[in-house]
Amino acid sequence: MNIQGENKSRNIVLGLTPLWLVIGIFMIGPLLIMAGVSVMEPNVYGGVYFKFDLSGYRQILFDTNLFDEMEFNPAYVIIILRSFVLAVSATIISLIIGFPAAYFISRQPDNVKNILIFLVTIPFWTNLLVRTFAWIIILGKGGVIESSFSFFGLLNEDDSLNLMYTNFAILIGLVYSYLPLMVLPIFSSLEKLDVRLLEAASDLYSSRMEIIRRVIIPLTLPGIIGGSILVFVPCLGAFIAPDLLGGGKKLLLGSLIQFQFSTARNWPFGAAVAMFLLSLVVIVLVINARINSKHEDLQKHV
Amino acid sequence: MNKILKFFSFCVAITLISSSSFAAGKLNLYNWSDYTPDELVKKFEAETGIQVIIDTYDSNETLLAKLQAAGGSTGYDLAVPSQHFVEIMIKEGLLEKVSGIKDMPNYKYVAKQFQNPSFDPMQEYSTPYQMGSAGFAFRADSYSGDGSSMMEFFKPNDEVCGKLAVFKSPEEVVNMAHLALGSNFCSEDPNEMQAVLDLMLEQKKCVKVYSSEGINDRLKSGEVIMHAHWDGYSQVGKWEYMDDLTYAYPKEGVVGWFDSLVMPKGAKNVKEAKAFMNFLMDPENMAILSNNAAYANAIPESQKYLSDKMKNATNIQVPEGVPVVFGQACNEKAQSLIDKVWTRVMQ
C-alpha cells in the first residue's frame with residue numbers, strides 16, 4: 001500500500017515534468033531575463049551594462065531633460081492612458097458586434113453552426129501582419145472604400161476621407177484582429193444556455209429586454225468576461241495596428257516597448273514598461289478570477 | 001530495439017545529408033528594404049550555386065539593435081550598415097573580421113579614395129555597397145515650392161501640411177534638422193538640441209505618418225506629397241510611376257551616407273559571404289545594383305555598364321554648390337541627446 005502510494009506520487013512528479021519544463025523555459029525564464037534587464041544600466045549603443053540601476057522604472061514618471069535636469073514627464077502616463085482607452089473601446093465595440101453574432105450562430109441548426117464557426121476562425125489562418133497590411137489597402141487614399149465612394153459620386157477624385165493614420169484606423173485594426181476571440185467564448189457559453197429557461201422567463205411575463213438582461217447575460221457572463229479579457233489584453237500591448245494604421249505619431253504601450261528595444265536602444269526602460277504592462281494584465285486577470293468565483297457561488301445557490 | 005536503432009540511424013543520416021547539402025551554399029543577407037535587386041541575386045545564384053536568403057530592415061538603428069540583441073547569433077552572414085554605424089559596430093564588437101579583403105580578385109576595381117575608408121582604415125571589416133544621400137522629395141505637380149530650402153520640409157506650407165511623411169528613425173532626420181538650423185552633427189550642446197527638438201515638434205503638427213518603408217507607394221497614392229527620402233530610391237519611384245517626383249537639393253545640403261557589406265559576429269557561411277563581397281566589387285555586377293537601386297557606387301569602371309536612364313537620373317545628380325555632409329558616429333553624450341530628442345518627438 002505504502003509502496004504504491006510512493007509510486008503514485010513519484011509518477012505525479014515525473015508526469016508533470018514536461019509541464020514545468022515548458023513553463024520554466026518559455027515563461028519564467030524570459031520573465032526573469034526581462035525583470036533582470038529592467039534593473040540594469042542602459043548602454044547608449046544598445047544592450048546593457050551589468051550594474052544595478054532603477055532608472056528604467058523612475059523614467060516612467062520622472063525623466064531627465066536635454067539639460068540633464070530631472071523633471072516630471074507626463075508623456076508616458078498619457079501613453080498608458082491612451083492605450084487603456086483604446087483597448088477598452090476596442091473591447092466594447094467587439095462586445096457589441098460579437099455578442100449578437102455569437103447569439104445568432106448559437107441559434108442555428110448544427111450543420112450551419114459548424115460552418116459559421118469555421119468562418120469565424122478563418123482569419124487566423126493568415127498572419128496578423130498581412131491582414132493588417134490589407135487594411136492599408138482598404139482604408140488608404142484611393143483604396144477600396146474611397147474608390148467605391150467616388151464610384152457612386154459621393155467623393156471627388158482628388159478629395160480624401162483621411163481614414164488612414166488616425167485613432168479610428170487603429171481601432172478598426174484592433175477590433176478586426178481580435179473580434180473572433182470575443183465571439184468564440186461567448187458562443188460556447190451561449191451553447192450551454194438552456195433554452196427552456198428563456199421560455200420559462202417569457203411564460204412569467206418577462207419582456208424581451210428583461211430576458212436578455214436578467215437571464216441571458218447573467219448566465220453567459222463567464223463567456224463575456226473571458227472574451228473581453230482575450231480582446232483587452234492583446235489590445236493593450238498591440239503594436240502592429242498602431243504602427244501600420246496609426247502612422248506612428250502617437251505611441252501606445254506596445255509600440256513604446258518595441259521602440260525602446262529598437263530605435264531608442266534603452267532596454268532597461270523598455271523592460272520596465274513591459275513589467276508594468278504585465279502587472280496591469282495580472283491585475284485584470286485577478287479581478288476576473290474574483291468575479292468568476294462569485295459567479296460560481298451564485299450558480300450553486302441557484 | 002533494433003527497429004528503434006534503425007529509425008534513429010535513419011534520422012541521423014537524414015540530418016547529416018540535409019545539413020551538409022544546405023551548408024554548402026547558403027547566404028543570409030540582411031539588407032535595407034527595396035535595396036537588393038532580384039537580377040543581382042539571380043546572377044549570383046546562377047554563377048555560384050549559393051542560395052541567397054534576404055531579410056530586411058528599415059534603419060541603421062534597427063540593424064544595430066538586432067545585432068546587439070542577438071549577441072553573435074543573428075543567423076545573418078552579411079549586413080549593410082552606413083559608414084558611421086560600421087564604426088559603432090566595430091567598437092561594440094558586433095562585426096567579424098574578414099580576412100583577405102584586399103586580396104580579393106575584384107578589390108582592384110574599388111576607387112582609390114574609397115579604399116581603406118576612415119571608418120575601417122585597414123579594410124578589415126567592410127567592402128563597398130552603394131552611396132547616396134538622405135533628404136526629402138516632393139510631387140512637383142502638387143507642390144509650388146522648389147525644394148531649395150530645408151525649411152520647406154520642417155516648416156511646410158499649407159499645401160504640404162497634413163500631407164507630409166518623415167522617416168521613422170532619428171538618424172537622418174536629426175541631421176537634416178541640424179542642416180536646416182546650421183548646427184553641427186553630433187552636437188553635445190543641449191541648447192542646440194533643444195532647437196532641433198522644437199523644430200521637429202513644430203513639424204510634427206503637419207506630419208501624417210512616420211515611416212521609412214513603402215515611401216514610393218505612399219507618394220504614388222497621393223496620401224502624402226512630400227516625404228523624407230533617399231536620392232536613389234526616389235529616382236526609382238520616378239522611373240516607375242511618378243514622373244514629377246523630385247528629390248530636393250536644398251542649399252543647406254543633404255545628409256550623405258556610404259553603405260558597406262559587413263559580416264555580423266557569429267556568421268556561419270563565411271566562404272559564401274566572401275564570395276558575395278567579391279562578386280559585388282565586379283564592375284558589371286555593381287552596375288546591376290546601381291541600375292536597379294539608382295545609387296552611386298565606389299567602382300568607377302561600373303560606369304561602362306550603366307544603363308542610359310541611369311546616366312540621365314536627375315534625382316541623384318548633386319547640383320553645384322549643394323554640400324553633401326556625411327553622418328558621423330556620435331559619442332555617448334551626443335547619441336543620448338539624439339535619443340532623448342527622438343523619444344520626445346515620438347511620444
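Domain bounds, as used here, come from an automatic or database domain assignment. For chain B that assignment gives domain 1 (23-130 + 258-311) and domain 2 (132-256 + 319-346). The structure is a predicted model, in which local features need pLDDT of at least 70 and side-chain atom pairs count only at pLDDT 80 or more, while totals for chains, interfaces and linings use all residues. Residues are numbered from 1 along each chain as its sequence is written, and chains are lettered from A in the order in which they are written.

Taken over C-alpha atoms, the centres of domain 1 and domain 2 of chain B are separated by 26 Å. Where these domains touch, 17 residues of domain 1 of chain B are in contact (C-beta atoms, placed from the backbone, within 7 Å) with 15 residues of domain 2 of chain B. On the domain 1 side, the elements that give two or more residues are the helices α3 (60-70) and α4 (83-91) of chain B, where helices are DSSP runs of H or I with at least four residues, numbered from the N terminus. The most is given by α4(B), with four residues.

Another contact in chain B joins helix α2 (residues 38-48) and helix α11 (residues 283-293), whose axes, lines fitted to C-alpha atoms over the stretch in contact, come within 9 Å and cross at roughly 160 degrees, on a scale from 0 to 180 degrees between N-to-C directions. Because angles over 145 degrees count as roughly antiparallel, α2(B) is roughly antiparallel to α11(B). In this contact, Glu39(B), Leu40(B) and Lys43(B) of α2(B) meet Asn285(B), Ile288(B), Leu289(B) and Asn292(B) of α11(B).

Note on methods
Parallel < 35°, antiparallel > 145°, perpendicular 65-115°, else oblique. Contact = placed C-beta atoms within 7 Å.
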